[in-house]
Amino acid sequence: MAAEELKTGPLEYRTQEGQMGIMGFWIFLGAEVVLFSTLFATYAVLFGRTADAPHPGELFEPGIVLIMTFLLLTSSFTCGLAIHEMRRGSVKGLTIWMAITLALGLGFLGFEIYEFVHYAHEGATIQSSAFWSAFFILAGTHGLHVTLGIGWAILLLIQIKQRGLTNVTSRKFFIISLYWHFLDVIWIFIFTSVYLIGMVI
Amino acid sequence: MANSKKRVPMNHVIGFVLSLVMTLVAAWAAIGSDLPVTWIIIGIMILALLQAGVQLFMFMHVTEAESGNGHVPWNMMFHGFALAGIIVAGSLFTMSFGFDHDHGGGGGDHQQHEEQEQQDHSGH
């Protein structure tokens with residue numbers, strides 16, 4: 001691995017620091033998969049233990065969950081386009097697609113907050129039963145990740161406006177794109193194993 | 001990278017369409033179809049894994065040459081998901097299987113619970 005700067009290839013991979021940063025983030029994502037797996041396991045074990053609170057089948061609505069899924073899927077797509085524009089050297093394209101990604105992410109968060117408030121009104125709160133504790137912790141941890149991702153991306157957008165595309169800023173954007181796609185991966189599993197299975201059983 | 005010069009990244013568009021289709025198929029299987037519950041669960045879990053694959057390979061550049069042909073990313077994701085599978089399946093195996101919590105305890109105990117519940121409900 002060359003210590004000096006490479007002259008070809010994507011900016012974010014040209015220095016060893018960039019390559020190591022990206023590799024380190026993949027290790028972090030591996031740890032995140034395991035973190036979420038413990039929450040999924042807790043949810044699966046406590047499934048059905050709703051005590052006096054409503055059953056998930058009564059509260060889960062396909063409409064709002066599908067809207068949330070499509071919002072997040074589309075945001076993952078636009079985030080991919082943002083990185084594509086970044087590799088074409090276009091700061092403008094990167095900024096526009098990233099802003100669309102963040103708007104979609106905010107839309108997702110809005111629906112999730114609405115959903116949680118709605119459940120709480122129906123008597124399903126984090127204290128109401130083991131099942132709903134597990135549900136809110138699992139979905140809430142994902143929502144917290146989305147919130148952090150939005151704040152992080154806003155800071156990066158400010159930074160790229162000040163500094164332009166360099167080895168460092170493009171590495172940072174590449175890493176947040178990995179994070180954002182990863183959030184979509186986790187959501188696919190929440191959508192499938194929490195909402196769809198909750199509506200089937 | 002040759003494909004970064006293209007205006008529209010076709011593999012991203014294909015990946016996006018694929019994930020939309022798989023989401024709709026999974027939703028239809030769960031909500032609209034009359035398939036047996038076991039088959040629905042197996043089917044939608046397979047669809048979820050395929051969608052995760054779409055994200056990783058078509059959006060997250062897992063296998064691009066610059067990341068060492070994806071050696072580290074692939075290992076992290078593979079072992080992460082393998083551990084996740086062991087943790088979830090193992091927890092269910094040790095905590096849930098063989099115990100149906102809806103009918104927990106002995107027969108007499110169960111009836112007592114039911115009576116109690118009925119009393120609770122009539123009390124409201």
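View 1. Where pLDDT is low, the predicted coordinates should not be read in detail. Chain B averages a pLDDT of 77, and 74% of its residues score at least 70.

**View 2. The helices of chain B.** Chain B holds four helices and zero strands, in the order α-α-α-α from the N terminus. Helices (H or I, at least four residues) and strands (E, at least two) are DSSP runs, numbered from the N terminus. Of the contacts in chain B between residues at least 6 apart in sequence, 45% join residues at least 24 apart. Of the 124 residues, 28% count as buried, meaning under 20% relative accessible area, with exposed over 50% and partly exposed in between (1.4 Å probe, protein chains only).

**View 3. A nonpolar surface patch on chain B.** Trp28(B), Leu35(B), Trp39(B), Ile42(B), Ile46(B) and Leu50(B) make up the patch, with about 670 Å² of accessible area together. Patch residues have over 30% relative accessible area and no salt bridge; like charges are joined within 9 Å and nonpolar side chains (Val, Leu, Ile, Met, Phe, Trp, Tyr) within 5 Å. A salt bridge is a side-chain nitrogen of Lys or Arg within 4 Å of a carboxyl oxygen of Asp or Glu. Helix 2 (residues 37-59) gives the most to the patch, with four residues. Trp39(B) lies in helix 2 and counts as exposed because its relative accessibility is 58%. Accessible areas come from the Shrake-Rupley method with a 1.4 Å probe; for residues, only the protein chains shown count as cover.

View 4. Residues 12-31 of chain B are 100% helix and 0% strand, with end C-alpha atoms 28 Å apart.

Residues are numbered from 1 along each chain as its sequence is written, and chains are lettered from A and ligands numbered from 1 in the order in which they are written. Local features need pLDDT of at least 70 and side-chain atom pairs count only at pLDDT 80 or more, while totals for chains, interfaces and linings use all residues; side-chain values use heavy atoms, without hydrogens and water.

Methods
Contact = heavy atoms within 4.5 Å. pLDDT = per-residue confidence, 0-100.
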